[in-house]
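The following exercises concern a single protein chain. Each task is followed by a solution in steps.

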Amino acid sequence: MFSIRPSSSTMAADLHVFATPHSEAPENVPDATALLSQALEGLSVDEREHAYEDVNGVPRVVSETHALIQNSITNLQSNLMAITQKPAFNQACQQDAAFCCNPAFCLMFLRSESFDCKRAAERMV
């Protein structure tokens, strides 16, 4: 068994290539910062704030009123009925229907989807 060792001058040249910063981009390649800045300028204040919240992992806060909760649970149940393929959900309802229809149980899914009833229904099934 043998190995080939490059000369020290070859290794120094290779290291120089990796150590040299490549700060000069070709002229036809736009700067990523400029592209991001242009994209953000085109957004409204609310859209920009929502984008920053998404990037930084800040959850969207929904003010929960009694009416919102009641309407959302009703809409969630309608969306659940509209989904035809839901074998696991159907089995769970056969085993304990009171649990599957419990408003507190439904509310967990609604909160996880910021009260988007369709997405909450899809998550449940």
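The pLDDT is the predictor's confidence in each residue, on a scale from 0 to 100. The model is predicted: local features need a pLDDT of at least 70, side-chain atom pairs count only at pLDDT 80 or more, and totals for chains, interfaces and linings use all residues. Residues are numbered from 1 along each chain as its sequence is written, and side-chain values use heavy atoms, with hydrogens and water left out.

**Exercise 1.** Determine which elements have the lowest and the highest mean pLDDT.

Solution. Begin with the chain: its average pLDDT is 80, and 77% of the residues score at least 70. Next, take the elements; helices are DSSP runs of H or I with at least four residues, numbered from the N terminus.

**Exercise 2.** Describe how α4 and α7 are arranged, and state which residues make the contact.

Solution. Two packed helices are described by the angle between their axes and the distance between the axes. Axes are lines fitted to C-alpha atoms, for helices over the stretch in contact, and angles run from 0 to 180 degrees between N-to-C directions. The axes of α4 and helix α7 (residues 103-112) come within 10 Å and cross at roughly 90°. Helix α4 is therefore roughly perpendicular to α7, a class that covers 65 to 115 degrees. From α4, Ile-69, Ser-72, Ile-73 and Leu-76 take part, and from α7, Pro-103, Cys-106, Leu-107 and Leu-110. By class, this contact has seven nonpolar, one polar and no charged residues.

**Exercise 3.** Are Ser-72 and Asn-79 buried, partly exposed or exposed?

Solution. Apply the cut-offs for relative accessible area: buried is under 20%, exposed over 50%, and partly exposed in between (1.4 Å probe, protein chains only). Ser-72 has 4% and is therefore buried; this residue touches Leu-110, Phe-115 and Cys-117, leaving aside residues up to four places away in sequence. Asn-79 lies in helix α4 (residues 66-82) and counts as partly exposed because its relative accessibility is 24%. With the same exclusion, Asn-79 touches Cys-117, Lys-118 and Ala-121.

**Exercise 4.** Which residues of α7 are buried, and against what do they pack?

Solution. The buried residues are Phe-105, Cys-106, Leu-107, Phe-109 and Leu-110. The buried residues of α7 pack against α4, α6 (97-100) and α8 (117-124). Just after α7, Ser-114 takes a positive phi of about 50°.

Terms used: Helix = DSSP H or I, 4+ residues; strand = E, 2+ residues; numbered from the N terminus. Contact = heavy atoms within 4.5 Å. Parallel < 35°, antiparallel > 145°, perpendicular 65-115°, else oblique. Nonpolar A, V, L, I, M, F, W, Y, C, P; charged D, E, K, R; others polar.
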